[in-house]
Amino acid sequence: MQNKLKVHPRLITSLGLHSAAIIAFQLALMQLISIVQWHHFAYMIISIAMLGFGASGTLLALAREKLLRMSDWLVPLLMTVSGLFMMVAFTITRLDILQFDVYLLFLERSQIPILAANYIIFFVPFFAGALAIGIVFIKFADKIGTYYFSNLIGSGAGGILVLFLFGNIFPQQIPPLVGLLSVLSGLISMPKKYRTGHIALASAAMLVALVIVSQPGKIPMSQYKSLAQTLNLPEAEVVHSEPDIHGLIDVAASPALRFAPALSLSFIGEVPVKKHVFVDGNFYGVIPDYKKGQSSHILDYTTQKLPWVIGERNRILMINAGEGAPLAHAFSHDPGHVDAVIPNAGVVNLMQDKFAEASGNLFLHENLSIHTVEARNYLASVKTPEFDLISLPQQEAFGGTAGINALQENYTMTLESFELMWDLLGPGGVISVSAWMDYPSRTNLKILATLVNTLQNKGIEEPHRHIAAIRSWGTVTFILKKSPLNDQEVSDIREFSRQMYFDPLLLPGLQPGERQRYNSIEDEAFFTYVDRIMRSDEGFLESYGFMIHPATDDKPYFSQFLKLQNVRKLSEIFGGDHVPFLELGYLVVVITLAQSTLLALLFIILPLLRLRKSRKGKGGTFLYFGALGVGYMFVEIILIQRFVLYFGHPVYALSAVISTMLIASGAGSLLSGRIRAVPASPARIGVIITLMLLFYTFFLTPVLQGTIASPIPLKIIISLLLIGIPSFFKGMMFPLGIRYLSDYDASQTAWGWGINGSFSVVSTSLAMLIAVEKGFMAVMSVAVICYAVAFGVFALHKWFFRTKES
């Protein structure tokens with residue numbers, strides 16, 4: 001048993017500040033890498049970098065006594081070093097020699113060492129920071145509840161802090177500012193006899209932060225990102241840039257920047273020049289040149305006019321209306337009222353203020369109501385069927401997106417969402433959705449499968465009488481009509497298609513020769529696929545090479561098409577080098593899981609060389625802390641996904657879940673100090689958590705769906721209870737385990753810390769993989785099993801933790 005040490009208030013304060021810096025740096029770095037590359041690749045780099053927590057446990061296990069002897073000055077120094085590297089890590093990777101491109105990574109081996117260098121650079125601040133925390137935890141194992149409380153409360157505060165910074169300063173300015181928190185924590189905790197030299201180091205760090213914040217420079221983006229490609233046009237420039245909690249907003253202009261999405265070949269006018277809006281370097285939309293009272297719009301020469309071809313639309317709902325081009329199109333048809341759902345409040349403010357005049361004050365139109373929430377949240381709040389048209393945004397992009405959106409939850413395009421929209425249509429109302437043609441065909445087939453399933457679930461026996469679709473050289477537009485299409489409407493669609501040189505794809509009474517009159521395609525099997533989906537051929541959906549089953553709320557990944565079992569077959573058909581360009585996003589998750597698992601196992605196995613002579617119980621340590629690492633992260637990921645739908649805003653959901661979980665867990669950790677660290681304690685608490693999570697597996701979604709339209713104050717109370725109660729108990733499990741282990745075999749405590757950190761990182765990509773393949777319920781089920789394993793370890797402690805006497 002190790003000596004009891006008193007609690008140090010200065011160290012507790014430093015630990016809280018340092019923990020806040022680490023979580024804030026992690027979130028800021030994810031946004032920065034998302035801007036440079038894409039969010040899934042940011043996820044890949046962060047997962048490897050965060051293994052610094054596992055590596056710190058390995059080093060602690062191998063050199064425990066030496067590190068503890070130096071802890072008085074080493075912990076503050078590590079905090080400062082971590083803070084300093086937080087400040088400069090991203091700046092270093094912006095050097096030309098260290099810039100890489102995710103697409104080239106699969107083609108050029110020269111990119112691999114550059115990627116490895118990026119891994120190492122981002123690894124350092126997490127490793128140094130985690131080592132400081134780990135030393136504190138191991139040194140004060142008997143007071144772990146208090147120190148773990150500080151760690152969790154600080155982390156929760158850091159998550160809230162970075163959300164505030166996202167909305168007020170540019171992303172590249174955030175790391176140096178949050179790095180200062182770690183530098184300050186080192187200064188606070190450094191003993192007086194070492195403080196003079198440390199002040200000099202801290203001063204240098206502050207100077208570095210000042211330079212970077214005052215001269216942030218530009219963020220170098222992949223040459224394949226939309227903004228980077230736009231800036232290659234003649235005289236192209238960014239005319240406006242501003243930070244926002246939803247992402248970095250840029251507006252670009254160029255005389256060559258025009259807006260003509262799959263324009264009809266019959267169009268003979270001038271294609272307008274438009275300023276383009278980008279969020280995190282990704283195309284968001286164009287700023288419309290709206291003129292009040294205009295009776296035509298360039299989108300009238302695209303397939304997107306289809307819903308107006310068959311009748312007037314008085315009450316319109318525009319979902320994810322973006323920057324306003326779809327709105328301008330809608331108002332050119334003189335509707336009575338338009339409701340626009342635009343989750344990005346930053347873009348709305350931009351269009352109502354700085355670019356209000358440029359857009360003809362479109363966002364201030366007297367017949368327009370803007371709702372800055374997620375579409376599903378708005379749909380749940382509308383009770384009376386009334387819309388003549390519900391218009392969805394155009395899906396995917398010209399030429400395909402290489403699966404860059406594969407891991408983004410899209411609750412707007414799930415089967416449950418379409419059923420809600422169907423219920424909100426008036427008698428002759430339609431749902432309209434367009435998509436770019438892709439090859440191999442995926443997006444349009446998945447849309448059609450969703451429409452057909454919606455009709456089946458609503459008891460419609462003849463789907464072909466309610467669905468129409470037309471195809472241009474580049475896009476397809478589908479409409480789903482509440483009442484059957486009549487002969488006049490079918491005739492109007494045929495005539496419009498003839499005038500615009502479009503081809504009907506789906507239409508009652510359609511003749512085979514009509515489908516390729518103007519726009520031929522090489523692979524005519526596409527039409528066979530469409531017909532099989534219209535016949536509700538489940539065998540086709542199962543056998544098709546890509547995932548085209550409708551997305552659901554349990555698996556809301558509309559843009560995820562890759563079937564892992566078909567990767568080899570796709571490689572044979574398209575060539576191994578081309579598969580990543582079909583479905584890059586999902587493959588990155590698989591690669592991330594493989595990399596992080598191998599490294600985590602290395603960090604877990606290495607300490608065993610040192611622990612060979614320790615008491616038995618290593619199996620119990622491995623199972624207990626590994627289960628806690630996986631279980632905690634699985635629950636966090638599921639709660640974030642569920643509450644995105646509940647709050648109608650991903651940023652608010654992320655903030656609510658992470659902050660509530662960490663703060664509640666911190667409270668549980670603090671209380672755990674009053675509970676005896678005997679096997680019965682974590683066993684009983686583990687049973688409570690397991691039963692609660694088992695209840696959540698089956699009833700969390702119904703509870704949230706039943707209260708989704710409740711007033712905000714009530715939803716906040718419900719959220720605090722649903723998130724906070726299990727998190728409170730989960731916060732007790734880690735400190736109780738550490739305290740028990742410190743009495744049983746103190747040499748294993750550092751190993752337990754490393755196991756927990758390694759498994760926490762691996763579990764993020766593992767949870768995503770399970771969610772995509774099997775759904776959220778499966779992820780929660782695994783979390784239940786993990787906490788069952790954790791309580792089982794201590795319920796059977798005489799078997800797992802045998803003493804010499806036993």
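Is V644 buried or exposed? V644 is buried, because its relative accessibility is 14%, where buried means under 20% relative accessible area, exposed over 50% and partly exposed in between, with a 1.4 Å probe and protein chains only.

1. A word on the basis first. The model is predicted, so local features need pLDDT of at least 70 and side-chain atom pairs count only at pLDDT 80 or more, while totals for chains, interfaces and linings use all residues. Residues are numbered from 1 along each chain as its sequence is written, and side-chain values use heavy atoms, with hydrogens and water left out.

2. Back to V644, which belongs to helix α23 (residues 618-647); helices here are DSSP runs of H or I with at least four residues, numbered from the N terminus. Its C-alpha atom is 16 Å from that of F634, ten residues away along the chain.

3. Now the aromatics. The whole structure holds 32 aromatic pairs, a pair being rings of Phe, Tyr or Trp (its six-membered ring) with centres within 6.5 Å; planes under 30 degrees apart are stacked, over 60 edge-to-face and the rest tilted. Y557 and F776 are edge-to-face, because their planes meet at 70°, with ring centres 6.2 Å apart. This pair links distant parts of the chain, 219 residues apart: Y557 is in the loop between α19 (538-543) and α20 (567-574), and F776 is in helix α28 (residues 776-795). Y557 and F776 are both buried.

4. Since F622 lies in α23 and F759 in helix α27 (residues 749-774), the pair ties together parts 137 residues apart in sequence. F622 is partly exposed, at 30% relative accessible area.

5. Do look at the aromatic cluster too: its members are F53, F137, Y148, Y624, F625, F734, Y740, Y744, W753 and F794.

6. Two charges sit over rings, meaning that NZ of Lys or CZ of Arg is within 6 Å of the ring centre and within 35 degrees of the ring normal. The charged end of R442 is 5.4 Å from the ring centre of F546, and that of K715 is 4.8 Å from the ring centre of Y646.

7. Because 13 of its 15 residues are buried, α16 is largely enclosed by the rest of the structure. After α16 comes G459, with a positive phi near 80°.

Key. Helices (H or I, at least four residues) and strands (E, at least two) are DSSP runs, numbered from the N terminus.
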